[in-house]
Amino acid sequence: MQQEIDGIDTRILNMKRQLSSIVKEYKFDFVQAFYTEFKVAKSEYLDYKAARAEWEKTYGEKVTEIL
């Protein structure tokens with residue numbers, strides 16, 4: 001059982017190292033900086049969805065997706 005726990009602990013450490021290197025590829029200094037940006041982007045997206053739903057409710061038209 002302890003050997004299995006040790007193996008899982010090693011996998012977790014490796015995953016944390018990989019996550020750190022991934023965010024650095026995208027020009028973030030550390031993982032927390034990525035999460036900060038992510039939370040801001042997510043909040044803005046939720047605001048957009050709410051505004052879009054309000055528009056559709058008010059004007060009865062679907063908003064065209066712009067990608």
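Student: Is Trp 55 buried, partly exposed or exposed?

Tutor: Partly exposed, with a relative accessible area of 41%. The cut-offs decide the label: under 20% is buried, and over 50% is exposed. Keep in mind that this is a predicted model.

Student: Where does Trp 55 lie, and which residue is four places from Trp 55 in that helix?

Tutor: Trp 55 is in helix H2, residues 31-59, and Tyr 59 lies four residues away, about one turn of the helix. The general idea comes from helix geometry. An α-helix has 3.6 residues a turn, so residues three or four places apart point the same way. Here Trp 55 and Tyr 59 form an aromatic pair. Tyr 59 counts as partly exposed, at 49% relative accessibility.

Student: How many aromatic pairs are there in the whole structure?

Tutor: A search finds five. One of them is Trp 55 with Tyr 59, at 4.2 Å centre to centre and 45° between the planes.

Student: Which residues form an aromatic cluster?

Tutor: Phe 28, Phe 34, Tyr 35 and Phe 38 form one cluster.

Student: How do I check a helix length, and what span should H2 have?

Tutor: Compare the expected span with the distance between the end C-alpha atoms. The 29 residues of H2 should span 42 Å at 1.5 Å a residue. The end C-alpha atoms of H2 are 42 Å apart, which agrees. Now try H1, residues 2-25. Its 24 residues should span 34 Å, and the end C-alpha atoms are 35 Å apart, which agrees too.

Student: What secondary structure does the protein chain have overall?

Tutor: Two helices and zero strands.

Student: Which residue has a positive phi although it is not a glycine?

Tutor: Start with the rule. Most residues other than glycine have a negative phi. Lys 27 has a positive phi of about 70°. Lys 27 sits in the loop between H1 and H2. Lys 27 is also exposed, with a relative accessible area of 72%.

Student: What follows H2?

Tutor: Gly 60, with a positive phi near 65°.

Student: What share of the residues counts as buried?

Tutor: 3% of the 67 residues. The accessible surface of the protein chain comes to about 6,500 Å², and 59% of that belongs to carbon and sulfur atoms.

Student: How far apart are the mean positions of the positive and negative charges?

Tutor: 2 Å, for 11 positive and 12 negative charges.

Student: How far apart are Lys 57 and Gln 18, in sequence and in space?

Tutor: Read both separations together. Lys 57 and Gln 18 are 39 residues apart in sequence and 44 Å apart in space, C-alpha to C-alpha. Lys 57 is in H2, and at 68% relative accessibility Lys 57 counts as exposed.

Student: And how far apart are Ile 12 and Glu 37?

Tutor: Ile 12 and Glu 37 are 25 residues apart in sequence and 24 Å apart in space, again C-alpha to C-alpha. Ile 12 lies in H1. Ile 12 is partly exposed, with a relative accessible area of 39%.

Note on methods
Residues are numbered from 1 along each chain as its sequence is written. This is a predicted model: local features need pLDDT of at least 70, side-chain atom pairs count only at pLDDT 80 or more; totals for chains, interfaces and linings use all residues. Side-chain values use heavy atoms; hydrogens and water are left out. Buried means under 20% relative accessible area, exposed over 50%, partly exposed in between (1.4 Å probe, protein chains only). Accessible areas come from the Shrake-Rupley method with a 1.4 Å probe; for residues, only the protein chains shown count as cover. Lys and Arg count as positive and Asp and Glu as negative; His and the chain ends are not counted. The place of a charge is taken as NZ of Lys, CZ of Arg, CG of Asp or CD of Glu. Rings of Phe, Tyr and Trp (its six-membered ring) pair if their centres lie within 6.5 Å; planes under 30 degrees apart count as stacked, over 60 as edge-to-face and the rest as tilted. The expected span of a helix is 1.5 Å times one less than its number of residues.
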